[in-house]
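Here is a walk through this model, from the sheet to the cores and on to a few single residues. Have the viewer open as you read.

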Amino acid sequence: MKVKQKNLLIVDFGFNTDQVFEPLFKSCSIYRTPSQVDASSVIVFEGGSDISPELYNEFRGTWTHQSHRKRDELEVSLFNFALSRGSSFIGICRGAQLLTAMAGGKLFQDVSGHFRSHAIQTTTGKRMMTTSYHHQMMNPFDLPANDFKLLAWAVAPLRNLNALSSYYLNSQNVTDFVPDLEPEVIWYPKIKSLCIQGHPEYGSPNGEFQNYCRSLVNEYIIT
């Protein structure tokens with residue numbers, strides 16, 4: 001049996017991500033103080049409000065919600081400190097978007113068609129349903145190819161609902177860039193961050209999507 005060496009730290013905002021990932025770790029606790037953080041720590045940033053577009057050098061778009069400034073500041077500060085200590089990260093929904101910004105990426109500030117469970121395609125050829133409730137979306141496509149690895153993306157029937165989704169990038173509501181694939185799971189190797197747009201804490205703890213997320217944590221974070 002593999003000895004569990006890493007400790008899970010949840011930046012808790014009322015979600016239940018610990019129930020999904022806790023079995024993979026030596027310990028699981030709520031983040032309280034920087035003294036908890038070291039190279040064995042895996043920090044989970046959970047879902048919630050939109051992050052400030054300032055974090056990815058854009059102006060607020062028409063449909064971008066007011067950000068939780070104190071939360072932004074707390075999580076960015078914790079990220080920078082934990083990264084300097086050699087920690088790894090898991091981002092769920094808002095957390096995935098935050099880590100995308102920390103990796104140097106941007107967000108689509110509004111995207112249609114993602115307000116319901118829908119199918120995703122993985123790089124291993126699997127298709128499954130994800131609980132993906134969000135109106136913003138990770139946009140890593142300006143980064144160098146080696147700075148991110150797209151692991152799963154949205155597929156039909158999502159795209160068939162409205163032909164193609166509508167994409168709004170910034171305060172000018174630019175819509176001329178349409179991505180080839182709509183990101184759902186991304187790995188950022190330089191900052192050791194696994195970003196999951198869906199909510200594995202929703203639904204059955206042993207559902208296909210939940211098991212898929214745990215397999216990615218094992219592959220990219222733990223090993």
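Contact, in what follows, means heavy atoms within 4.5 Å. You're looking at a predicted model, so local features need pLDDT of at least 70, side-chain atom pairs count only at pLDDT 80 or more, and totals for chains, interfaces and linings use all residues. Residues are numbered from 1 along each chain as its sequence is written, and side-chain values use heavy atoms, with hydrogens and water left out.

How confident is the predictor? pLDDT is its confidence in each residue, from 0 to 100. The protein chain has a mean pLDDT of 89, and 92% of its residues reach 70 or more. Watch out for residues 158-164, though: pLDDT there is below 50, and the stretch has 13 contacts in the model beyond near neighbours in sequence. Where pLDDT is low, the predicted coordinates should not be read in detail.

Now for the sheet. Helices (H or I, at least four residues) and strands (E, at least two) are DSSP runs, numbered from the N terminus, and two strands pair if DSSP finds at least two bridges between them. Nine strands make an open sheet with mixed pairing, in the order 2-1-3-4-13-12-10-7-8. Strand 2 (27-30) and strand 8 (127-130) sit at the edges with a single partner strand each, so one side of each has no neighbour in the sheet. From one strand to the next, the twist averages 25°.

Buried here means under 20% relative accessible area, exposed over 50%, and partly exposed in between (1.4 Å probe, protein chains only).

Elsewhere in the sheet, strand 3 (residues 41-45) and strand 4 (residues 88-92) run parallel, joined by four bridges, and Ile43 has Phe89 in strand 4 as its bridge partner. Helix 2 (residues 69-84) lies across strand 1 (7-11), strand 3, strand 4 and strand 13 (193-196), at about 160° to strand 3. Such angles run from 0 to 180 degrees between N-to-C directions, with axes fitted as lines to C-alpha atoms, for helices over the stretch in contact. Helix 5 (residues 208-222) runs at about 105° to strand 8 and lies across several strands, including strand 3 and strand 12 (182-188).

What about the inside? A nonpolar core is a set of buried Ala, Val, Leu, Ile, Met, Phe, Trp, Tyr and Cys residues joined through side-chain atoms within 4.5 Å. The largest has 30 residues, and Ile43 and Phe45 touch the most other members. Helix 3 (94-102) is among the elements that supply at least two residues of this core, and its five residues are the most that any gives. Another core lies apart from it, with 27 residues, among them Ile10, Phe21, Trp187 and Cys213. Helix 3 itself is mostly covered, with nine of its nine residues buried. After helix 3 comes Gly104, whose phi is positive, near 100°.

Glu75 is worth a click. This residue is in helix 2, and it counts as buried because its relative accessible area is 0%. Beyond neighbours within four places in sequence, Glu75 contacts Val11, Phe13, Phe45, Arg94 and Leu98.

Ile221 has 3% relative accessibility, so it counts as buried. Ile221 and Lys6 are 215 residues apart in sequence, yet 9.1 Å apart in space, C-alpha to C-alpha.

Finally, the cysteines. The structure holds zero disulfides, a disulfide being a pair of cysteine sulfur atoms within 2.5 Å. For Cys28, the closest cysteine sulfur is in Cys213, 16 Å away, which is too far for a bond.

Methods:
pLDDT = per-residue confidence, 0-100.
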